[in-house]
Amino acid sequence: MVTLRGREIVLGVTGSIAAYKAAYLLRELVRLGAEVSVVMTEHAQRFVGPLTFRTLSRRPVLTDLFDPGEAAAVEHVALAERAHLIVVAPATAHTLAKAALGLADDFLTTLLLATRAPLLFVPAMDAGMWRHPTVEGHVAALRARGAVVLEPAEGELASGLIGPGRLPEVSEVVEAILGLLAPKRDLSGERILITAGPTREPVDPVRYLSNRSSGKMGYALAAAALRRGAEVTLVSGPTNLAPPPRARVIPVETTEEMREAVLAHLDAATVVIKAAAVADYRPVRPPARKIPGRQEGLAIPLTPTPDILREVGARKGGRFVVGFAAETEGVAASARAKLEAKGADLMVANDVSRPGVGFESDDNEVILLDRWGGVLQLPRMSKLEVADAIFDRILALRSQTPSGVTP
Ligand code: PMT
């Protein structure tokens, strides 16, 4: 199970509108068992009060290099030695510049100079600033010294402009932290083919049939597999997510495109995981022109899409095949029926009628059913933790079968 227990992390919060998102990051790190000390710059405190971080971390927040009430002047040295990792999130252009140049005029930048712990910067700023040659130079200098600087996410920015500059999703930051602190390489040598997100079936040139899948579950699997040393091919339906760095991503739209991409990469795979929510039906013959609106009783004939998992199950060879079952009732029984019908080795069943888990959410609660009769009910946890639990289960099941792979 993924954990940061016993890990001492410093979270540096700097003056960006994204400072409030650092509270969500802190909550997640504490939930994973990390001991987190928060350091805030003066400008960060204009956006969010230290009380929020003190409450979530259950520790005093360090704000002033010279305040003996909060921490002695040498605390930055003690913390610099104790820390296993320093994360600056959000990292403004100003803080990146000070860190790159070695300026030390407050608690955070002094700490950054004093420590030998790994550094992770999570930038958030306006797109124009992020693309400015000065900022690019500072980022390059930090990376050249071994610091990890994440790419900001694309999207609407506080300025109203659209472009790169948003703080990446908390799950992406946590994944980067886990990669730096808990590198378990037990999937090295594996080539894992993962499907994620929805498929879309055109109704006419402007409309489509689809579902609520965000891709979070499949992307979490890809991120966990990469962290644990696997090579990952991610066949993804349309999502708003940034693909994990180092994954080979094959974007698709329709079920047929997903099928072709999966079959084209099947031979190379040692494990196949079908987390995608595939559209079960498609319109029979979508017209080339837009269907006019307001037609009473309009009927659109549908036909089933190809069942990709069933096809993979039939051509399984020595690879381990995992399906997901999205259920709303009789979860375990329906998932077991799908496991058998589709020839999978493991079925991950989730109840998608429950709030807070399943489609779109950051968490999931699943039952793992395997073809040897095993049933493992997992508690609600983040999709990243579910992903790790699935890989733990795959490895355990493979080690129990005589040949090490599925017979
Ligand atoms: O993407 P998120 O927002 O994070 O949500 C995650 C999820 C709910 C989509 C995910 O956890 C999940 O349950 N994925 C499978 C959804 C689904 O299509 O379930 P199903 O019971 O309809 O299909 C069973 C299996 O057959 C699935 O592995 C599916 O990929 C596969 N299938 C289904 C139909 C089809 N034509 N081809 C297939 O390969």
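Which helix supplies the largest share of the lining of the largest cavity? Keep that question in mind while you read these notes; point 6 answers it.

1. A word before you start: what you are looking at is a predicted model.

2. Have a look at what surrounds the ligand. Its shell holds 29 residues, and the closest are Ser 213, Ser 214, Lys 338, Asn 350 and Glu 360.

3. Now for some individual contacts. An oxygen atom of the ligand lies 2.7 Å from an N or O atom in the side chain of Lys 383. A nitrogen atom of the ligand is 3.2 Å from an N or O atom in the side chain of Thr 305. With Ala 326 the backbone takes part: one of its polar backbone atoms is 3.1 Å from an oxygen atom of the ligand. How much of the ligand does the protein bury? Alone, the ligand would expose 770 Å², and the protein buries 96% of that.

4. Which parts of the fold build this shell? At least two residues each come from helix H10 (216-227), helix H12 (308-314), strand E16 (320-327) and helix H13 (331-342). Strand E16 gives the largest share, with 4 residues. You can start with that strand when you trace the surroundings of the ligand.

5. Next, think about the space itself. The ligand takes up the second largest pocket, which holds about 750 Å³ of space. Its lining counts 36 residues, and those nearest the centre of the pocket are Ala 276, Ala 277, Val 278, Phe 324 and Ala 326. H10, H12, E16 and H13 are the elements that give two or more residues to this lining.

6. Now back to the opening question. The model has 1 cavity of 30 Å³ or more, and the volume of the largest cavity is about 30 Å³. Helix H14 (residues 383-400) provides the largest share of its lining, 4 residues. The residues that line the cavity are Leu 187, Glu 190, Ile 192, Val 271, Phe 391, Ile 394, Leu 395 and Arg 398. Of these, 6 are nonpolar, none are polar and 2 are charged.

7. The peptide bond between Ala 89 and Pro 90 is cis, with omega about -5°, and Pro 90 sits in strand E3 (residues 85-91). Where is Arg 294 found? Arg 294 belongs to the loop between strand E14 (281-283) and strand E15 (302-304). Its phi is near 60°, a positive value in a residue other than glycine.

Conventions: Residues numbered from 1 in each chain as written. Predicted model: local features only at pLDDT ≥ 70, side-chain atom pairs only at ≥ 80, totals over all residues. Heavy atoms only, no water. Near = heavy atom within 4 Å. Polar contact = N/O pair within 3.5 Å; in protein donor to acceptor, adjacent residues only side chain to side chain. Areas by Shrake-Rupley, 256 points an atom, 1.4 Å probe, with all protein chains shown as cover. 1 Å grid on protein atoms, 1.4 Å probe; cavity = no way out; pocket = protein on both sides within 12 Å on 5 of 7 lines; lining within 4 Å. Sits in = over half its atoms within 2 Å of the grid points. Points joined across faces, edges and corners; volume = space filled by probe spheres on them. Nonpolar A, V, L, I, M, F, W, Y, C, P; charged D, E, K, R; others polar.
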